[in-house]
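Hello,

Here is the structure I promised to pass on to you. Please open it next to this email, and then read on for what turned up in it.

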Amino acid sequence: MRLLVLGLLVLLGGCSGCRRDEQLSKKELEERARQRQEDLVVDELVSVPPDIGAKILHVKGGHWVETQQQYKSNREDLQVMATGTILVGDEEVMLPATNFVNSYARRTSLPKGQAKLVELRFFFPFLGEEQVEESLVVVRKRPTFRTELLHWPLMTPVQSSPSLKPVNELKEHEFLLYAMGPEAASYDFLTALDAVYWRGDELLAGERTRSYFVVKVKPTDNKYRFPRSMLSLTPVAVILWDDVAPAELSSDQQRAILDWVHWGGQLIVSGPSSWSRLQGSFLSPYLPVRAAESTNLATDDFAQISQTWKVTDLARHPAEAPIEVTGPPMAGLRFTLSESGEWLPGSGQMVAEAPVGRGRIVVTAFPLRDPRVFQWHYFSNFFSTGILRRHARTMQHDRETASFIQVWTAPFTGREKDPRLHSNVRLLSRDLPLIRLRDREAISSRMNDGDPSITSGRGGATELPPSLLAQSIRTAVERQRQSSTLPTVDGSRQETAPRRRGEDITHIAEQSTRPEFRSTSREGLNLPPVDAPGGEAMQWGGRGAAWNDFSGLSQEALQALRAAAGVELPSRQTMIRLLIGYLIVLVPINWLVFRVLGRLEWAWIAAPVLAGMGVVVVMKVARLDIGFARRTTEVSVLEMHGGYPRGHLTQYVALYTSLSTNYVIDFPENDAVALPLSDLSRSLRRAGSEQRRLRTTYGRAAGVRLEPLTVYSNSTELLHAEQIVEFTGALQLGRRAGAPAAGSAVKNSTTLDLYGAAILERDASDQLRMAWIGDLPAGATIDLQLEPLDIGKLWRRWAADPITQPDAPPPEALAGAETDALWIGGVLRALVHKTPLMPGQAKLFAYTNERFSKLEIAPREDQYDGRCLVVVHLTPAKLPPVRPDAAILSRPTNEEVNEDQTERLRADRELREEANSRLNTAPDSIDNSNR
């Protein structure tokens, strides 16, 4: 009875109780939302290193960016997964020329009450622009980074809504300049310097040229938030180092800086306060100075700098004053050069420089942030052409707006937005050109002669019809509707809907990339002019070390993978014919043969033998070894610099499986990256397939994991991976102890056994020589027999081995090779044919069969076929002459243009163009002979 009464009471009060609970739940939801916002404090996503006083996320198309976001849990300890994706509008960005969308994640913990920085590394692809129909307006939705926290392992949201962060997207010709030091804020003047942000017409809608986006970096709690891998420093062109304590950088960050310098970065050390901190540091062996004495600098100490970089000033009232040291004394240094150091020409022994790989380290005897220096009216000229050694600029007069615009001097006028002239960072696998500059010039000549098959692009660039760039990124990005431009062979941009005129000229490209190797010293080599500043930069393709699946090297590697890993299954008709033929042989012919022999019972014994023969025939027709389920084929390229034990390894991997498999890719966190390889032809075949998702997960015990890379039955997926590998020693050029001065030798201190090794050298006097080495075992030192270059003789050496012969050999030739049958001759041909060779440089080309990559693929393959080409830049190039700007505009003015100055500028420009056309030293150049 009691139970019945209690039940009735519950039923009677149930409805009103529910209504009260419903009202309370709404309030609770609002209160919980407010508490949740207070319980979890989420800061903005920023790029690493963060700029002083600004929470900016700066990204550059085709480069990796390291980011940090700070979280703080005020209520409880949390186990979370931080995830990030890139959006344009409401759509996630796909990887170019694939049907993959990649997200990035890191599992971590948030202790109660403690702020924690969560790091993610993103790949930001080229997005391009979209042009509105029947309009000249070019618009694109601004990309955003979306990040959120998920409970681990439930993967339910911790935040009420994801965080969205718009980006500061650098253009193709814009790179990063880091100003590092405790007083980094004092380098704010760089943002207005016309060497950084060029003078242009501010009255027109057209944007001005900006070479660098300046990021001012100072330590936090005696530590620098700085990228830990060179692979995240590729968008950085310059690092300005001022009083940085090396101990405030981790060992990973220090190695990243050294790697970056070797691959073309420019490290500018501002004296004098930096000198004492650098003694005994990781930079000491590479500095151009071995000793220095403190001194006070006076006006006379800057006399040569003032004279060298004082040029025509087109301002109404020209500023002709030199650098003057007034007021308190300026602290400075007196340098003693190191063995590799040289004086910057025209600097009066106030600036020392040393080549490091393809980069430079520059040390000044004076503080660059002293106002008496950077407020000098010619400082921008000195900074651009002296400190950074860039090509000279001049001013062009625009009569319509009565203003001056800053441009490169001849022969690069019109290429102000060419990324190759703003950054010296190069990675061989990303920047090897599709065709050489000399071949581009031949095509340009045909264009000038009226060939209708070639069109002229913006900025005087040569554009080719789509047939020449069949593997270009354009079509894939058009299909994804993410971009409207593509790279041409010379690195400029081409419209997504180019004019299609005239005949297909694919054969021109084939001829240009497959030269006739005649017995001549220069045929088939990429030899930039000796004294042309910027000339070497224009010999490269790409966009300044941007991730590039369509470089000359990538395309050759892709062809080698197709030849080696391509699986050709027989057609249905072929299978029917094989089956009918097998049955005919097995039944009537088998019976007839043994009937004639009078041994009909032997027909049963012959049946298994015939079945085995049938299997062999099917294998031959299908070119498919049915004895394995998974196969990995890899073509890789290792790029190193002489005397430096670390190298940049690029891997192109083909994963084949006979049964559908979800692959997992593991690699180190700091010095490796991996993505599916863009392959336009395969993307078009699967254009109707659904979007596939990948996740790059950081913070694992083994490093980074990319998964799931699904490979369907009897198909192949392609992977592009890059990493920095370190050896116990290096490859270097030198002399044996007691050897004659003219003798030289190469020493292999790595753990790699090299084969087919040869050295090409272009000495300072522009003479070409070669040395054939052949086998170069690990730990060996080989004396070189240098002789005048005969490229035909060299290629006959390589052609003796089917693996390295320049044209693909027939399968039976490779089957008889001593090693596995992966042909790499096409990739070797591209490396030798297209890698620029400057005066003073010596390069080694070889290959190895060893597998030394840190990248691991699971499940493991049943068969592996791989080979690595090795390119070593044994000696750095000779630095070209310094050429100051032809003219400056020290004071912007809207006053009437001074016609006398304009006439002087025109005459000066004509003289320079004439001198450049003869490849002679310009009148205002500074010879390096005074070093």
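A definition to begin with: a residue counts as buried when its relative accessible area is under 20%, and as exposed when that area is over 50%. Please also keep in mind that this is a predicted model.

With that cut-off, take Asp313, which sits in strand β19 (residues 312–313). Is Asp313 buried or exposed? Its relative accessibility is 3%, so Asp313 counts as buried. Which partners does its side chain have? One is the backbone nitrogen of Ala319, reached at 2.9 Å. Another is the side chain of Ser890, with which Asp313 makes a polar contact at 2.5 Å.

Now for the chain as a whole. The protein chain has 931 residues, and 54% of them count as buried. Its secondary structure comes to 19 helices and 46 strands. If you look at contacts between residues at least 6 apart in sequence, 76% of them join residues at least 24 apart. The accessible surface is about 40,800 Å², and carbon and sulfur atoms account for 52% of that.

Next, the nonpolar cores. In soluble globular proteins, nonpolar side chains tend to be buried together. Here the largest nonpolar core has 121 residues, and the members that touch the most others are Phe145, Trp241, Phe302, Phe366, Phe379, Phe382 and Phe383. Leaving aside residues up to four places away in sequence, Phe383 touches Leu177, Leu190, Leu193, Ala195, Leu240 and Leu388. There is also a second, separate core of 38 residues, which includes Leu525, Ala654, Leu794 and Leu831.

Strands of a sheet pair through backbone hydrogen bonds, either parallel or antiparallel.

Another open sheet has 3 strands, ordered β37-β38-β41 with antiparallel pairing. Its edge strands are β37 (731–734) and β41 (781–783), each with a single partner, so one side of each is left without a neighbour in the sheet. On average, neighbouring strands of this sheet are turned by 20° against each other, direction ignored. The antiparallel pairing of β37 with strand β38 (residues 745–748) runs over 4 bridges, and in β38 the bridge partner of Gln732 is Lys747.

Finally, have a look at strand β35 (residues 703–711), which is mostly covered, with 7 of its 9 residues buried. Strand β32 (residues 661–667) runs antiparallel to β35 and is joined to it by 6 bridges. Strand β34 (residues 692–700) is also antiparallel to β35, through 4 bridges, and a hairpin of 2 residues joins β34 to β35. Which residues face Leu706 of β35 in these pairings? Ile665 stands opposite Leu706, and Thr696 has Leu706 as its bridge partner.

Methods: Residues numbered from 1 in each chain as written. Predicted model: local features only at pLDDT ≥ 70, side-chain atom pairs only at ≥ 80, totals over all residues. Heavy atoms only, no water. Buried < 20%, exposed > 50% of the residue type's maximum accessible area, 1.4 Å probe, protein only. Polar contact = N/O pair within 3.5 Å; in protein donor to acceptor, adjacent residues only side chain to side chain. Contact = heavy atoms within 4.5 Å. Areas by Shrake-Rupley, 256 points an atom, 1.4 Å probe, with all protein chains shown as cover. Pairing = 2+ DSSP bridges. Axes fitted to C-alpha atoms, helices over the stretch in contact; angles between N-to-C directions. Core = buried A, V, L, I, M, F, W, Y, C linked by side-chain atoms within 4.5 Å.
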